[in-house]
Structures are given as C-alpha cells and as structure tokens.
Amino acid sequence: MEEYRRIADRVEAAVRDGRLRPGDRLPPQRVFARRHGIANSTAIRVYGELARRGLVVGEVGRGTFVRAAPPLPAPALVEATGAAPVDLQLNYPVVDGQPELMARALTALARPGVLTGALARPAAADGTPEARDAAVSVLAGPGWAPDPGSVLFAGSGRRAVAAALSALVPPGGRLGVEELTYPPLKAVAERLGIRLVPLALDAEGVRPEALAAAHRAAPLAAVYLQPTLHNPLAATAGEARRAALAELLRGLDLTAVEDATWAFLDPGAPAPLAARAPERVVLVDSLSKRLAPGLTVGYLVVPGRLRAAVAEALRSGAWTADGLALAAATRWAGDGTVAETAAAKRADAAARHALVLRRLAGQALRTSPHAYFCWWELPAPWRAETFAAAAAARAGVAVTPGSAFAVGPGTAPGAVRVGLASPPHAVLDGALARLAALAAAGPG
C-alpha cells in the first residue's frame with residue numbers, strides 16, 4: 001500500500017474512534033508533513049485522500065476540518081434523544097387525503113385493456129397528443145402556456161435535466177450554474193463529464209454580470225438556473241431580473257436549462273424565463289414534488305431547434321418515461337388530481353413556514369412562505385459540518401450541511417438546509433425546537 005494511503009487510514013481510524021471529532025481542524029499540510037516525517041507532496045496526497053473519503057472538508061482561508069461522521073445507527077440516536085431520528089434532509093411532501101385522491105386514476109388504469117397498453121413498452125420521448133395536452137395543463141401559468149408540440153417526457157425531473165444537459169453540453173464542456181445549487185445536478189454533471197462554473201448569487205438568484213463575466217472568460221455551452229424558489233436559498237427572481245437574463249441569453253447566444261420543479265408552490269411568481277426567451281430556454285419540471293416520487297414523470301419544454309437533439313438524448317440515455325407512469329400522470333392531470341394536490345401543498349408549505357418562523361425566530365434564515373425548505377446561516381462558532389453531526393447525535397435530527405450545495409473546490413458555507421416537507425407537523429415542530437436549542441447551546 002502506498003504511504004499516503006497508510007497515513008490516511010490512521011487519520012480515518014482517529015476519526016472513527018473519536019480521537020478526532022467532527023469540526024476539529026487538521027494542521028496545515030506543511031505542519032502535518034513535518035509531524036509525520038513525510039514530504040509536503042505526500043501530505044497533499046493524504047489530505048486529498050481524506051477529502052475523497054468524505055472525512056474532511058476544506059474551507060478557504062480557514063483550513064481543513066473533520067466532517068460529520070457517518071450517521072449513527074438508529075438505536076444509539078434513540079437512546080441519546082428519546083425520540084426516533086427526524087429526517088429534515090429529504091423533501092417529499094404528502095398531504096392529507098393525497099393517496100385516496102391519486103387512487104382514482106390508478107383504479108381506472110387497472111382495467112386489463114388499459115393496463116396492457118400502459119405496460120407494453122416505455123413511452124416515446126414525445127408521448128401522445130393526450131399526454132402533451134395534459135402536460136400543458138400542468139405547466140401553464142399566468143402569462144405562459146407552452147406549445148404542446150414543444151413538450152417531451154422523461155422518467156423524472158432528474159432525468160429531464162440529464163437529457164437537456166447531454167444535448168447541450170459536450171463532455172468537457174462548461175456549464176454555468178448557481179454557486180449554490182441542487183446537489184443531484186452536480187452528480188449528473190460528473191457522470192456526463194461536464195465542468196461546472198459557479199456563478200455568483202444575490203437575493204434574486206444569479207447575477208447577470210456574473211453570467212456575462214463567466215462566458216467572457218471562456219465560453220459556456222449552457223447555463224442551469226432555478227429562477228423560482230431556488231433550492232436551497234428559496235430565492236425568486238423578479239420581473240426585471242428575468243427580463244435581464246432573457247436579454248443576456250440572446251446577446252450571448254446561450255441556452256439555459258430552467259429548473260421549475262418547485263415553482264408550482266408560488267403561483268404568484270413571474271412567468272418563467274421560457275416565456276420570455278422560448279428559443280433560448282429548455283424548461284424542466286416534474287410531478288415528483290406536486291404528487292410523489294414513487295410514480296412520477298419529468299417534463300421538458302424544448303425550443304424547436306433543439307427538439308430532435310433532446311429527444312435523441314432521452315432515448316439514448318434510457319431517460320424516457322415509463323408507459324404506466326405517463327398514463328397515470330395524464331389521468332391525474334385530466335381529473336384535477338394534480339391541481340388539487342398542488343393547491344393543498346401550497347397551504348401546507350405556508351403552515352410549515354410559520355413553524356420555522358416561530359421556532360427559529362431571531363436566526364439568520366433565507367426562506368419563503370412558499371418554500372418547503374429554508375437556508376439557515378448558523379450563529380458563531382458553529383460550522384455547518386459540526387452542526388449537522390451534533391444535530392444527528394444530540395438532537396436526533398438530520399439536516400444537510402451547506403457544502404452539499406456548493407459548487408467549486410474549497411467552498412463550505414456556514415449554513416445548513418432544513419427540509420420541511422417530510423415529517424408530520426407536530427414532529428417537525430419538535431425537531432425545529434431541538435435544533436434551536438442546539439444552536440443556542442453551542443458546539444461545546
């Protein structure tokens with residue numbers, strides 16, 4: 001075994017047995033090399049190996065810190081907190097009465113003649129005329145309704161994003177993306193061999209001047225944006241910002257992938273970028289949040305010049321929708337299930353937001369009454385990784401450290417994302433109360 005790996009194993013053992021704890025800072029690499037009698041280049045490889053294993057995280061200007069240890073088994077958490085762990089990482093909203101509502105369409109699909117067709121084969125990338133009309137009824141909003149002929153279907157929102165990026169960005173190409181972004185986007189880009197270029201944000205999302213500067217530095221193949229209820233910041237771009245971005249896309253001859261997955265929660269938000277620059281925007285959306293991730297469909301609204309390329313990406317990547325899922329989605333859109341469930345989730349999100357404001361009063365939060373998540377900038381001396389580890393071990397609550405959303409090396413925001421959608425209201429309220437108490441108690 002190479003020397004750097006043996007040393008990394010010893011450091012990992014120290015983390016596992018508690019001699020090094022989450023949040024502890026490792027010495028500078030030169031000091032580490034001197035203590036272990038190794039070359040500086042070997043110390044660099046040790047730190048790189050520890051980062052690859054997920055044991056440490058680097059913070060620019062501050063150093064290298066031990067990350068949160070792997071989650072403890074459930075019995076240990078139960079013993080420490082007296083309650084089952086609460087998952088505020090995943091965000092899968094289900095409202096009262098939703099299963100019964102969705103069952104209506106599934107009952108109709110259970111007829112042998114209908115089921116045979118739905119199960120026969122995967123759906124085509126462009127679905128059926130009925131499916132495209134149903135998709136328009138789901139996606140349309142004030143100031144915008146897509147052309148049914150522009151709609152394509154994927155197996156999920158994530159597959160829709162993958163197909164759009166595969167069609168737009170060649171391997172090794174540069175994709176502009178918010179400096180804090182949806183974590184699976186990073187995984188998709190890695191699998192496709194796409195280089196991510198972080199773009200600076202403000203209270204409305206990506207700053208147009210940051211996008212322009214990144215493209216001038218080296219041409220971008222495309223840009224990925226979340227203009228409405230950005231995940232994780234819950235920011236929504238106003239009319240002027242969207243108009244500026246649309247104009248910039250045209251001026252730079254650049255195409256955007258607009259992720260509208262959470263936009264249904266804010267029907268009062270401005271019309272999407274796709275309404276302002278339909279020739280420059282591929283809009284992606286899905287039913288995973290409106291309904292449920294277990295039987296979902298992803299939607300793409302694609303400019304005519306890109307339709308063939310995106311359809312081919314869907315087929316070649318095996319990212320098309322399943323026949324049964326598309327048949328169910330079409331019925332759920334037609335019988336009012338999607339609209340009724342979405343309206344219930346808007347009310348639910350507002351109620352959960354009120355719990356956040358009450359339990360985390362006085363904290364530095366970035367959120368929205370329409371969002372199922374909030375971004376919590378932690379009070380000093382907490383660091384995100386340390387807080388996430390302590391929340392799991394001491395409060396029985398799982399939250400996501402900011403580094404999961406950060407694009408670019410050495411970025412570790414001192415914040416966590418708190419997902420609000422999954423647990424019942426009373427459980428969420430108790431979990432937020434414990435997190436508030438933990439933040440006040442400090443890491444000691």
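**Confidence and fold**

Author: One begins with pLDDT, the predictor's confidence in each residue, from 0 to 100. In this chain the mean pLDDT is 89, and 91% of the residues reach 70 or more. Over residues 69-84, however, the pLDDT is below 50; this stretch has 18 contacts (heavy atoms within 4.5 Å) in the model beyond near neighbours in sequence. Where pLDDT is low, the predicted coordinates should not be read in detail.

Reader: Which conventions apply here?

Author: This is a predicted model, in which local features need pLDDT of at least 70 and side-chain atom pairs pLDDT 80 or more, while totals for chains, interfaces and linings use all residues. Residues are numbered from 1 along each chain as its sequence is written, and side-chain values use heavy atoms, without hydrogens and water.

Reader: How many helices and strands are there in the chain?

Author: Helices (H or I, at least four residues) and strands (E, at least two) are DSSP runs, numbered from the N terminus. The chain has 17 helices and 18 strands.

Reader: What share of the residues is buried?

Author: Buried means under 20% relative accessible area, with a 1.4 Å probe and protein chains only. Of the 444 residues in the chain, 52% are buried.

Reader: Which residues of helix 7 are buried, and what covers them?

Author: In helix 7 (residues 129-139), the buried residues are Ala131, Arg132, Ala134, Ala135, Val136, Val138 and Leu139. Their cover includes strand 5 (151-154), strand 12 (281-286), strand 13 (298-301), helix 14 (323-334) and helix 15 (337-359).

Notes
Buried means under 20% relative accessible area, exposed over 50%, partly exposed in between (1.4 Å probe, protein chains only).
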